[in-house]
Amino acid sequence: MSNDSSAEPAAGSSGSNENVTKIEPIRMPTIEEMRAQEVWNNCAVKSVASGVMGGGLGLMMGLFMGALDNPIMHDTMTGRQQFVYTAKQMGQRSWGSCKTFAVMGLVYSAAECIVEKARAKHDIINTAVAGCVTGGAMSARGGPKAACMGCVGFATFSVLIEKFFDRHT
């Protein structure tokens, strides 16, 4: 006799299967949850939040990178001068990185959200377009050639990151 789970219950058992999983009913979202979802679906809210988070990341990266800068006149500076120089470098680096990453996060998020709403699709093309817009905008001061290279480079980077994290199926 085989021990199949599809076999009929033996005589004397109650016939109920204790391994049956219960399916929980679907819980409908509350009004507050729906309102919060509507707020986060707003492109302006998403963009500002991404800009703030990008600025925070830039601030931390700038502090770290500024701490790694070594003064050229390392041998002639006292310990206090080295500390002051390093603190100034960290402050300058962190503020510059904060602004750059904040703008980058804001532009990328806004572009992706607007393209996604216009196309009514959530796919890799939105990522490529948002990357192109961001890269072009960030490098536009260098002229049209730099803007085109920034567009291609940032779009490629964005698509590779999306593929790596496999967000879109």
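**View 1. Val52 is exposed on helix α2.** Val52 has a relative accessible area of 58%, and because exposed means over 50% relative accessible area, Val52 falls in that class. The residue belongs to helix α2, in what is a predicted model rather than an experimental one. Across the fold, the C-alpha atom of Val52 lies 8.9 Å from that of Phe101, although the two residues are 49 positions apart in sequence.

**View 2. The whole protein chain is built from 5 helices and 0 strands.** Read from the N terminus, the order of the elements is α-α-α-α-α. The protein chain contains 169 residues, of which 24% count as buried.

**View 3. Helices α2 and α3 pack with their axes 5 Å apart.** Helix α2 covers residues 43–68, and the angle that α2 makes with α3 is about 155 degrees. That angle makes α2 roughly antiparallel to α3, because angles over 145 degrees are placed in that class. The crossing by which α2 passes α3 is right-handed.

**View 4. Helices α3 and α4 pack at an angle of about 140 degrees.** Helix α3 takes in residues 79–119 and helix α4 residues 124–138, and their axes are 8 Å apart. The angle makes α3 oblique to α4. As α3 passes α4, the crossing is right-handed.

**View 5. Ala111 and Cys113 are two buried residues of helix α3.** Ala111 has its place in helix α3 and is buried, with a relative accessible area of 10%. Its C-alpha atom is separated by 8.7 Å from that of Ser47, a residue 64 positions away along the chain. Cys113, also found in helix α3, counts as buried at 5% relative accessibility. Both residues are classed as buried because their values, 10% for Ala111 and 5% for Cys113, are under the 20% cut-off. From Cys113 to Thr127, which is 14 residues away in sequence, the C-alpha to C-alpha distance is 9.6 Å.

**View 6. Ala120 has a positive phi in the loop between α3 and α4.** The phi of Ala120 is about 55 degrees, although this residue is not a glycine. Most residues other than glycine have a negative phi. Ala120 lies in the loop that joins α3 and α4, and with 69% relative accessibility it counts as exposed.

**View 7. Arg119 forms a salt bridge with Asp123.** The closest N and O atoms of Arg119 and Asp123 are 2.6 Å apart. Arg119 is partly exposed, with a relative accessible area of 29%, a value that falls between the limits for buried, under 20%, and exposed, over 50%. A search of the whole structure finds 2 salt bridges, and the pair formed by Arg27 and Glu33 is shown in the next view.

**View 8. Glu33 forms a salt bridge with Arg27.** In this pair the closest N and O atoms are 3.2 Å apart. Glu33 is partly exposed, with a relative accessible area of 35%, whereas Arg27 counts as exposed at 59% relative accessibility.

**View 9. Phe157, Ile161, Phe164 and Phe165 make a nonpolar surface patch.** The area of this patch is about 480 Å². One of its members, Phe164, is found in helix α5, which covers residues 144–165.

Technical notes
Residues numbered from 1 in each chain as written. Predicted model: local features only at pLDDT ≥ 70, side-chain atom pairs only at ≥ 80, totals over all residues. Heavy atoms only, no water. Patch = residues over 30% accessible without salt bridge, like charges linked within 9 Å, V, L, I, M, F, W, Y side chains within 5 Å. Areas by Shrake-Rupley, 256 points an atom, 1.4 Å probe, with all protein chains shown as cover. Salt bridge = Lys/Arg side-chain N within 4 Å of Asp/Glu carboxyl O. Helix = DSSP H or I, 4+ residues; strand = E, 2+ residues; numbered from the N terminus. Axes fitted to C-alpha atoms, helices over the stretch in contact; angles between N-to-C directions. Parallel < 35°, antiparallel > 145°, perpendicular 65-115°, else oblique. Left-handed = near helix turned anticlockwise from the far one by under 90°. Buried < 20%, exposed > 50% of the residue type's maximum accessible area, 1.4 Å probe, protein only.
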